Amino acid sequence: MMFNLEEFVRATGAEIVKNTTEKEFFTISTDTRKITGGEIYLPLKGESFDGENFLDKAIESGAEGCFISREEYPDNAKLVLKVKDTKTAYLQLANFLRRKFNPKVVAITGSSGKTTTKEIVYSVMSEKFKTHKTFSNHNNEIGFCETLMTMPEDTEVLIVEMGMRGFGEIELLSKYSEPDFAIITNAGSAHIGRLGSLDNIAKAKCEIADYLKKDGVFIAQNNERIKKFVNFNGEKVYFELADAEILERRPAYSRFIYKGLEYELSIEGDYNVENSLSAIILAEHLGMSYEEIKCGLKKYKPIEKRWEMENISGYSVINDSYNANPESMKASVSTFMKMYKNPLVVLGNMGELGDDSALFHKGVGEYLSKLPECKDLVVFTVGDLAKNISDALEGKAKFVKNFENNEEVSRYIIDNVDVGTTIFLKASRSMKFEEIIEKLKGEIKV
């Protein structure tokens, strides 16, 4: 995205320290390794790095000039703009673009399912509108700015995913994105170790509505904590799985009825049906037809490490180990149990659950133990915390065993599990369950 000097100053309030450039328009670069020539370098700062230490390198690499927050700058910079804080300036520039091109902004957050929901919403919106979205799960303030900087000028709908690890982070993103629509997929226990309580998690998620436009729409899971803490006086629409009638469940496919109309998803899981309801509600508010919505939902394809199936050494392995929290683990495992005979699941530790981590893991086991399919369930758990899951399933599931590490569980599968078995993997990324996949790939079973 291009800026002229007047726009830089208007957006950020920058002081022009030096100007000898003859260029009229500039792009922004925050990475000296990606400078190709003519950009304005905007140095960002973090706990372990300071981009202003690389001003000389930026100019040597071809940058026309730079933003600064200190007094020093390279003599050979042609344009130097001083601001109080460079990250704030980056956010201000993103907000300038948001206002200049004025797409409908859809903000999405949630304890789980926000990236999937973003992708579903994008698939639906793209049926009618020129749509742009947050790349992958780049859902912090830097990712937000990058999303705006790469937005085509003719974008009609902008979808912004908002992540958080503490209070104030979603509020900041809401402030600079000024959403027309805000979606909260749920408010569960992810990051409870940082925020301390489920109430605090709901409060932090509800910051998404702090700068929601007065004539905007707040769309959220029918959750009492969300209802309690949302501070928005405009239109609010709540949804839940019970609103839909699920007609068919099978691998890579769901069929359901919502408000008397039938829809299909090329993905399994009741939780994904629930995620899709927010996309339908949004689409209806934007005047999309039933056929457009139906087509957009059907075209959605799951993203990497979310329910990926791969044939490995005679096993069918479903890898859903991109991330995990109690709600997503309950939802995905119960879906797997319903769709496969003699299900085998490998579950690992879930991170960032605070002092009550053991209780949250135990709760997953207790939840699964109450499902009718549990009697046929084989569960392998990996890690000290995940042992609480298997302990809760003792005497309820068909077979339960805990392992200390990925090497142990991989060896046990190879030595004891029949080929042809479908294996489901779920854990936090820190458990590195890809090691299990790599270990199985190293074996040949016939």
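This is a predicted model: local features need pLDDT of at least 70, side-chain atom pairs count only at pLDDT 80 or more; totals for chains, interfaces and linings use all residues.
Figure 1. Residues are numbered from 1 along each chain as its sequence is written, and side-chain values use heavy atoms, with hydrogens and water left out. The C-alpha trace spans about 75 × 50 × 40 Å along its principal axes. The chain holds 16 helices and 22 strands (DSSP runs numbered from the N terminus: helices are H or I, at least four residues; strands are E, at least two). Buried residues make up 55% of the 446 (buried: under 20% relative accessible area; exposed: over 50%; partly exposed: in between; 1.4 Å probe, protein chains only).

**Figure 2. Helix α8 and the elements around its buried residues.** Helix α8 covers residues 198-206. Its buried residues are N200, I201, A202, A204, K205 and C206. They pack against strands β8 (104-109) and β11 (181-184). They also pack against helices α6 (169-177), α7 (192-195) and α9 (224-229). Contact means heavy atoms within 4.5 Å.

**Figure 3. T109, a buried residue of strand β8.** T109 lies in β8. Its relative accessible area is 0%, so T109 counts as buried. The T109 side chain reaches the backbone oxygen of M162 at 2.7 Å. Beyond its neighbours within four places in sequence, T109 is in contact with K114, M162, I170, I183, I184, T185, K205 and I208. One of these, K205, is also a buried residue of α8.

**Figure 4. N349, a buried loop residue.** N349 sits in the loop between β19 (344-348) and α13 (357-369). Is N349 buried or exposed? N349 is buried, because its relative accessible area is 13%. A polar contact of 3.1 Å joins the side chains of N349 and D384 (a pair of N or O atoms within 3.5 Å; within protein, one must be able to donate a hydrogen and the other to accept it, and residues adjacent in sequence count only if both atoms are side-chain atoms). Leaving aside neighbours within four places in sequence, the contacts of N349 include H361, V382, G383, L385 and M431.
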